[in-house]
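Subject: Structure handover

Dear colleague,

Here is the structure I promised to pass on. Please open it next to this email; my notes follow below.

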Amino acid sequence: FGDPFRDAYFIDYFGEGRDLVFIVGLVPEGMRISAHAWQGFGFQFLGESPIYPWIGELHKGEHGIVADLGDQTQEFILYGQGQERCLREWPLAEN
């Protein structure tokens with residue numbers, strides 16, 4: 001999965017009866033969430049979140065994945081295509 005990791009969560013993100021795996025990865029600056037789908041003989045990377053000082057448990061939310069960030073909870077959605085794929089904070093910030 002790339003980074004060393006603390007936890008893996010198998011969650012039916014799309015409600016199709018097929019789990020994605022969400023990894024709480026450990027990086028020098030803190031932690032981040034990455035999403036992966038099983039594709040034949042391996043995992044396909046779907047996106048990752050920004051880095052946070054600490055990430056607790058994950059669970060399915062109304063729109064995406066909800067993470068305990070210590071002082072708050074935050075929902076993340078899979079967003080973008082190709083190299084721009086990521087897990088973005090929901091609701092999306094207005095520009």
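Start at the surface. Phe1, Phe5, Trp38 and Phe43 make up a nonpolar patch there, and together they have about 420 Å² of accessible area. Phe43 sits in strand E4. Its relative accessible area is 40%, so Phe43 is partly exposed. Keep in mind throughout that this is a predicted model.

Next, the sheet that holds E4. This is an open sheet of 4 strands with antiparallel pairing, in the order E1-E2-E3-E4. The edges are E1 and E4. Each has a single partner strand, so one side of each is left without a neighbour in the sheet. On average, neighbouring strands here are turned by 30° against each other, direction ignored.

Look at E1 and its partner. E1 pairs with strand E2 (residues 20–27) in the antiparallel sense, over 6 bridges.

Now the charged side chains. How many salt bridges does a search of the whole structure find? The count is 3. In general, side chains of opposite charge can pair when their charged atoms come close.

Take Arg32 and Asp3. Their side chains meet in a salt bridge, at 2.8 Å from N to O. This pair links distant parts of the chain. Arg32 is in strand E3 (residues 30–39), whereas Asp3 is in the segment before strand E1 (5–11). The two are 29 residues apart.

Is Arg32 buried or exposed? With a relative accessible area of 18%, Arg32 is buried. The cut-off for buried is under 20%, so 18% falls on that side. Asp3, with a relative accessible area of 24%, is partly exposed.

Arg32 has another partner. The side chains of Arg32 and Glu48 also form a salt bridge, at 3.4 Å from N to O. Arg32 lies in strand E3 and Glu48 in strand E4 (residues 42–48), so this pair ties together parts that are 16 residues apart in sequence. Glu48 counts as partly exposed, at 29% relative accessibility.

Arg6 counts as partly exposed, at 30% relative accessibility. Asp7 is partly exposed too, with a relative accessible area of 26%.

Last, the E5 to E8 region. Here an open sheet of 4 strands runs in the order E5-E6-E7-E8, with antiparallel pairing. Its edge strands are E5 (58–60) and E8 (86–90), and each pairs on one side only. From one strand to the next, the twist averages 35°.

E5 and strand E6 (residues 65–68) pair in the antiparallel sense over 3 bridges. What stands opposite Leu58 in E6? The residue there is Ala67.

For a quick tour, begin with the patch of Phe1, Phe5, Trp38 and Phe43. Finish at Leu58 and Ala67.

Best wishes

Definitions and conventions. Residues are numbered from 1 along each chain as its sequence is written. This is a predicted model: local features need pLDDT of at least 70, side-chain atom pairs count only at pLDDT 80 or more; totals for chains, interfaces and linings use all residues. Side-chain values use heavy atoms; hydrogens and water are left out. Two strands pair if DSSP finds at least two bridges between them. Axes are lines fitted to C-alpha atoms, for helices over the stretch in contact, and angles run from 0 to 180 degrees between N-to-C directions. A salt bridge is a side-chain nitrogen of Lys or Arg within 4 Å of a carboxyl oxygen of Asp or Glu. Buried means under 20% relative accessible area, exposed over 50%, partly exposed in between (1.4 Å probe, protein chains only). Patches are made of residues with over 30% relative accessible area and no salt bridge: like charges are joined within 9 Å, nonpolar side chains (Val, Leu, Ile, Met, Phe, Trp, Tyr) within 5 Å. Accessible areas come from the Shrake-Rupley method with a 1.4 Å probe; for residues, only the protein chains shown count as cover.
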